[in-house]
Amino acid sequence: GQLLESGYATRGGFMPIPNPQPLILAVLRQLADGAEHASAEIRGNLAARFELSAEDLAQKQGGDSRTFVNHVAWPLAWLNQTKAIVRVRKGIYRITVYGIAILEQCKHTHEITLKELRALLREQPATTFHGVDDCMSNSFSGGV
């Protein structure tokens, strides 16, 4: 699809905005503490981690949608769809037990593809995850 092009050409050369798939694990790691996190906070942390400038963050792709906002929205949607995270309410996400299991399996991995995420999902017993009930509680203290 168009979203998976390898970067965007700009006046100054190549823009460092990461594509959506490489952000899957980065987004999941933002939620590793088991607390609830707002999508804006997740984006802010990732923008700092990838050292994106204000100009990068203002970059738009077709119409009014900001490239980086979209590129973080996709992994959030995929992780929610595969039950690795749960949308507690609009714009607020929390990791599930399954998400913690993925992080454990991928702790030495820099990124996973959507295909790999779905493969990991198939390896999990479907009956163990029921969405919100399987969220980590805020008292979760185990390291990831």
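Reader: Let's start with a single residue. Where is the place of Lys-90?

Author: First, how elements are named: helices (H or I, at least four residues) and strands (E, at least two) are DSSP runs, numbered from the N terminus. Here, Lys-90 sits in the loop that runs between strand E4 (85–89) and E5. Bear in mind that this is a predicted model, where local features need pLDDT of at least 70 and side-chain atom pairs pLDDT 80 or more, while totals for chains, interfaces and linings use all residues. Residues are numbered from 1 along each chain as its sequence is written, and side-chain values use heavy atoms, leaving out hydrogens and water.

Reader: Is Lys-90 buried or exposed?

Author: Buried means under 20% relative accessible area, exposed over 50%, partly exposed in between (1.4 Å probe, protein chains only). With 73%, Lys-90 is exposed.

Reader: Which strands make up the open sheet, and in what order?

Author: Two strands pair if DSSP finds at least two bridges between them. In this case 3 strands form an open sheet, ordered E3-E5-E4 with antiparallel pairing. Strand E3 (37–38) and E4 are at the edges with a single partner strand each, so one side of each has no neighbour in the sheet. Antiparallel E3 and E5 are joined by 2 bridges, and His-37 faces Tyr-93 of E5.

Reader: On to the inside. Which residues touch the most other members of the largest nonpolar core?

Author: A nonpolar core is a set of buried Ala, Val, Leu, Ile, Met, Phe, Trp, Tyr and Cys residues joined through side-chain atoms within 4.5 Å. The largest one here has 31 residues, and Leu-28 and Ile-102 touch the most other members. Two or more residues come from each of helix H1 (23–30), helix H2 (39–49), helix H4 (67–81), strand E5 (92–95), helix H5 (97–105) and helix H6 (114–123). H1 gives the most, namely 6 residues.

Reader: What is Leu-28 in contact with, leaving aside its neighbours within four places in sequence?

Author: Contact means heavy atoms within 4.5 Å. For Leu-28, the partners are Leu-79, Ala-84, Ile-85, Ile-95, Gly-99, Ile-102 and Leu-103. Over the protein, 64% of contacts between residues at least 6 apart in sequence join residues at least 24 apart.

Reader: How many aromatic pairs does the structure hold?

Author: Rings of Phe, Tyr and Trp (its six-membered ring) pair if their centres lie within 6.5 Å; planes under 30 degrees apart are stacked, over 60 edge-to-face, the rest tilted. There is 1 such pair: Trp-74 with Trp-78, tilted, at 5.8 Å centre to centre and 35° between the planes. Trp-74 is partly exposed at 37% relative accessible area, whereas Trp-78 is buried at 11%.

Reader: One more from H4: is Thr-67 buried or exposed?

Author: Thr-67, which lies in helix H4, is buried, with 0% relative accessibility. A polar atom of the Thr-67 side chain lies 3.5 Å from the backbone nitrogen of Gln-61.

How values were computed. A polar contact is a pair of N or O atoms within 3.5 Å; within protein, one must be able to donate a hydrogen and the other to accept it, and residues adjacent in sequence count only if both atoms are side-chain atoms.
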